[in-house]
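Trainee: Could you walk me through this structure and tell me what stands behind the words used for it?

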Amino acid sequence: MTLALPLDGGCLCGALRYRVKALPLGVIMCHCDNCKRRTGSAFSLSMITWRKDFEVLSGETLTSDNSGGSGAIHRQHVCPKCFTRTHTEMMAYPNVINVRPGTLDRPRDVTPVAQVWTGVAQPWALAPDVPRFEENPTDVLQLFNDWQERHG
Amino acid sequence: MVEHRGGCVCGGVRFVAHGEPLRITICHCAWCQRRTGTAFGAEVVFDQAKVEMSGTPPARYRHVSDESGRWLDVEFCARCGANLGFTLEAVPGVRTLPAGAFDDPAWLRPDRHTVRHVFLRSRRAWAELSPLVETYEAHFRS
């Protein structure tokens, strides 16, 4: 399905709003224990977007740094009022922003191209038809190409 | 009595739940998708008296439902922003703790606990529905 752009989203209380102006690189589900704790759910969704295409339209963010499974620093951005996490900066990859697609106004428009860290997944939360990787994917650029072919 | 421990990402807030949960609710509503940034919320429901919070007091955000007009108080770590569950006007005496916030997430098992998927009407089409789990188009009370 061709994605209608821009992709707008924001926090629960409406103070923090953002826009993704061009096609993202791709969307991936992650079942790692860090992502479980970070979301409180069974897995995270990451919509990797070029930084130049991402814009905060309104509101401030509260940031906190934590290390991901690899030890790299992830800077989380949350609304200071309702604490919704809208996006993450991955300090090792300064050209991209990891947008949290559950916060999109039309979250159904994007689908994940792969699920990673399935080795530690909640067995009740594995998506039946999404390709699986026990740990990190071997070729993430190929996955992004597949996603862009589906959505571009 | 069995104990289940967990906490936020930075470790500033910790909790312990004594005994087994009343149920686990996997909620696919649009609000939970936004709240978590992912496809659904997964909340473990306990008798409020059986949960002890420790460390930094959680921050709170009150949401009033568009549909029912009732409040829901969502709790977070004020430092790292991680979800710490909520209490609901509609269900007094219970609180939730996020499934992902437990130190051992694997203790939650559909074959041992009551697990329900709710608000399937807004479900992401690719998300799994385990045959072990009860399913509801809206809430199981409605």
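Trainee: What makes β1(B) and β2 of chain B a pair?

Mentor: Two strands pair if DSSP finds at least two bridges between them. β1(B) and β2 (residues 13–18) of chain B have 5 bridges, in the antiparallel sense, so by that rule they pair. One bridge joins Arg5(B) to Val16(B) in β2(B). The names come from DSSP runs numbered from the N terminus: strands (E) have at least two residues, helices (H or I) at least four.

Trainee: Before we go on, where do the model and its numbering come from?

Mentor: This is a predicted model, in which local features need pLDDT of at least 70 and side-chain atom pairs count only at pLDDT 80 or more, while totals for chains, interfaces and linings use all residues. Residues are numbered from 1 along each chain as its sequence is written, with chains lettered from A and ligands numbered from 1 in the order in which they are written.

Trainee: Why are β1 and β5 of chain B called edge strands?

Mentor: The open sheet has 3 strands in the order β1-β2-β5 (chain B), with antiparallel pairing. Its edge strands, β1 (3–7) and β5 (51–55) of chain B, each pair on one side only.

Trainee: Which residues of chain A touch chain B, by class?

Mentor: Residues are in contact if their C-beta atoms, placed from the backbone, lie within 7 Å. The contact takes 37 residues from chain A and 36 residues from chain B. On the chain A side, α1(A) gives the largest share, 5 residues. By class, that side has 16 nonpolar, 12 polar and 9 charged residues. Ala, Val, Leu, Ile, Met, Phe, Trp, Tyr, Cys and Pro count as nonpolar, Asp, Glu, Lys and Arg as charged, and the others, Gly among them, as polar.

Trainee: How do you know that chain A agrees with a compact globule?

Mentor: The radius of gyration is taken over C-alpha atoms, and the globule rule is 2.2 Å times the number of residues to the power 0.38. For 152 residues a compact globule would have a value near 15 Å, and chain A has 15 Å, so the two agree. Its C-alpha atoms fill a box of roughly 40 × 35 × 30 Å along the principal axes.

Trainee: What share of chain A counts as buried?

Mentor: Of its 152 residues, 44% count as buried, which means that 20 or more other C-beta atoms, placed from the backbone, lie within 10 Å of the residue's own.

Trainee: How many helices and strands does chain A have?

Mentor: Chain A has 2 helices and 11 strands.

Conventions. Two residues are in contact if their C-beta atoms, placed from the backbone, lie within 7 Å. A residue is buried if 20 or more other C-beta atoms lie within 10 Å of its own, exposed if 12 or fewer, and partly exposed in between; C-beta atoms are placed from the backbone.
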